[in-house]
Structure formats: C-alpha cells, structure tokens
Amino acid sequence: FADYETWNQRGWADRKPGPEWAEEYQQEYARSGLKLGLQQQAKLGVNPFKFGMIGSTDSHSSLSTADEDNYWGKFSLSEPGPYRTIDATSDKSFYSLVGWQYAASGYAGVWAEENTRESLFAAMKRKEVYASTGPRINVRFFGGWDYQTEDAFTPNLAKIGYDKGVPMGGDLTNAPKNKAPNFLIRAVKDPDGANLDRVQVIKGWHDAN
C-alpha cells in the first residue's frame, strides 16, 4: 500500500532487479522467511523461522537517530555536511549507494510489564515486540477466536486481548471447528507525527489450506 522504503537493489550491488533476480527477490524481506517457516513446519514438524521483529538504526557512526527529519546518515562519510545526501557511501560498486537511498529507521517496541532488564528480555523472548520505521506509534495486536467489534473501543483493550486470546508473537491454538480467527488491533499515532491512514494486515500461507 504505502510502498515505503521498498528495497530495489540486488544485495548491495547498484543494479535494479531483473528477471534473473526473481528467486532472490523473494527472499529479500522477512515476510518470505515467515512463509518458509510455515513450509518447514509442515514438512519437518519444526519452524526454524518463527521470529519476532524489532526495528534498529544499523548506523555505523555512533550518531543514533531514527527520525527522518533529523537523520545523520549510516556511515562517517555521510555525517552532517552539505553533500551528505548525494555523496556515495563508497566508490566500490559493491555498495555504491548514496545518502538519500538509506532510511533512518527504526525503533523497537517492546511490551514489558516493567522497565527492567529482566522484563524487557522476557518480552523479547516471547516475541511481544514490534518495529517502527521512525514514528513512535503505539501498536497492540491480539489474535483469538471470540473478539467482538465493541472490544476495540474499550479503554481496557489490553486486558480483553490477553483474556480472550494471545498477544503479538504468541501461538494461536485450539481452533474451534469451522471457525476462523479474528484479531483485536489498536494503533495510536505518534503525538508529534502524522495521522494514521489505516491498519493493514498481511496474510501468508504455504498451501491452499
């Protein structure tokens, strides 16, 4: 939908995707890994790619920022200066990208009971985490079998989410016969950011079922 920061390079090389890249391009995003995990689960009985996702800056300059309007670049060559958006990262074709082709993102959102090392790592271990490309968006996501429309409008949404289902990163099991899962989602905008347009949920599967 938004087509935000779609990766259109082949690895690090300065080339656009072509017909020969069709197979590789499918593996460029985490979504492909999640679907491969479903295939491995069906084939081997174990899913090696059942992972959660967080955001990070991947900067190499110690100037940590995830804000696009205050972006300091990924490398020392692109630190604040008049030409930082047009200078190439390197003159080698292996990674000859220029400053504006990088994104400043991102942030790691962690749903922990308290702000302690133990609680934060426990939340990451159970994958109750999410990524943001920059704005401090507050996201709740629960899966279950019996959520009702009115649940999304209650002030105690999190309690209902936990009571009736599982949070992000959890396993939704014990499916009632002939009943599809439903989801309880709340996204709150960054107080200093733009309004949110919509919530988009993407489904992945490994066969016709």
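Biologist: Why is phenylalanine 141 called partly exposed?

Modeller: Its relative accessible area is 25%, and since buried means under 20% relative accessible area, exposed over 50% and partly exposed in between, with a 1.4 Å probe and protein chains only, phenylalanine 141 counts as partly exposed. This is a predicted model, in which local features need pLDDT of at least 70 and side-chain atom pairs count only at pLDDT 80 or more, while totals for chains, interfaces and linings use all residues. Residues are numbered from 1 along each chain as its sequence is written, and side-chain values use heavy atoms, with hydrogens and water left out.

Biologist: What makes phenylalanine 142 buried?

Modeller: Phenylalanine 142 has 1% relative accessibility, so the residue counts as buried, whereas tyrosine 162, at 36%, counts as partly exposed.

Biologist: Why is the pair of phenylalanine 142 and tyrosine 162 called edge-to-face?

Modeller: Rings of Phe, Tyr and Trp (its six-membered ring) pair if their centres lie within 6.5 Å, and planes under 30 degrees apart count as stacked, over 60 as edge-to-face and the rest as tilted. The centres of these two rings are 5.0 Å apart and their planes stand at 80 degrees, so the pair is edge-to-face.

Biologist: How do you know that arginine 140 sits over the ring of tryptophan 111?

Modeller: A charge sits over a ring if NZ of Lys or CZ of Arg is within 6 Å of the ring centre and within 35 degrees of the ring normal; the charged end of arginine 140 is 3.5 Å from the centre of the tryptophan 111 ring. Lysine 203 likewise lies over the face of tryptophan 205, at 5.6 Å from the ring centre.
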